[in-house]
Amino acid sequence: MPTDAAGLTQDDVAKMSLHEEFEAYRERYLHMQELLQGAQRSVNDGPWYWNGGDRVPGIGGDGLEPLPGSDTRNSYDLRTDRIWSPPGATGDARDLRPMIQYFDEQGWRHREGHPAGTHDSWAKTDDGWQIEYVVQPNGDYALTVFSELFWTNDGDALSEAVGGRNDGEYPDESLPGKYPPFPDWDDPIVSPPKI
């Protein structure tokens, strides 16, 4: 039986309550933020722009390798994106060096590429997360941290449990390691799902 990014099978997850899935998601979200913070600080301790919110599960793993039997209702992924614009940046491939050095220091396998006039470095962490850093000719340098797929009993229910306890607010920019607090299970539903 196929295992997800946490090493769990669908049968393992079937034994979990929605509350337990919420707590597992919360831990994964916090880990994603730790990975993001480390990568951010390797190139810029200053402000980073947000590219949308990141607290609600992604459905179906768009662009990810699917798990055998996975679909938009029984699996999810996590993803967060930030952008910064170094003064005078032109997307030179040399600007990847600090991130590549960081990946090397962590002992993570990585590769470099040059898609469509940009330059990127992509690494896979020891625990299965992926980090991509892209330097673009327009001077915007984008950092993405994302997971592989996780099984869930009900993607809609998990999205509602997480999203319903979130106010949907996120900053335009923040320093590394700064982000809105993730809700607790006991927090009230402030954003009920729209039917």
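This is a predicted model: local features need pLDDT of at least 70, side-chain atom pairs count only at pLDDT 80 or more; totals for chains, interfaces and linings use all residues.
Residues are numbered from 1 along each chain as its sequence is written, and side-chain values use heavy atoms, with hydrogens and water left out.

Student: Where is the place of D127 in the protein chain?

Tutor: Helices (H or I, at least four residues) and strands (E, at least two) are DSSP runs, numbered from the N terminus. The protein chain has four helices and ten strands. D127 lies in the loop between strand 6 (119-124) and strand 7 (130-135).

Student: Why does D127 count as partly exposed?

Tutor: With a 1.4 Å probe and protein chains only, buried means under 20% relative accessible area, exposed over 50%, and partly exposed in between. D127 counts as partly exposed because its relative accessibility is 38%.

Student: With which side chain does the side chain of D127 make a polar contact at 2.6 Å?

Tutor: A polar contact is a pair of N or O atoms within 3.5 Å; within protein, one must be able to donate a hydrogen and the other to accept it, and residues adjacent in sequence count only if both atoms are side-chain atoms. The side chain of D127 has such a contact with that of T125, at 2.5 Å. At 2.6 Å, the partner is the side chain of H31.

Student: What share of the 195 residues of the protein chain counts as buried?

Tutor: The cut-off for buried is again under 20% relative accessible area. Among the 195 residues, the buried share is 44%.
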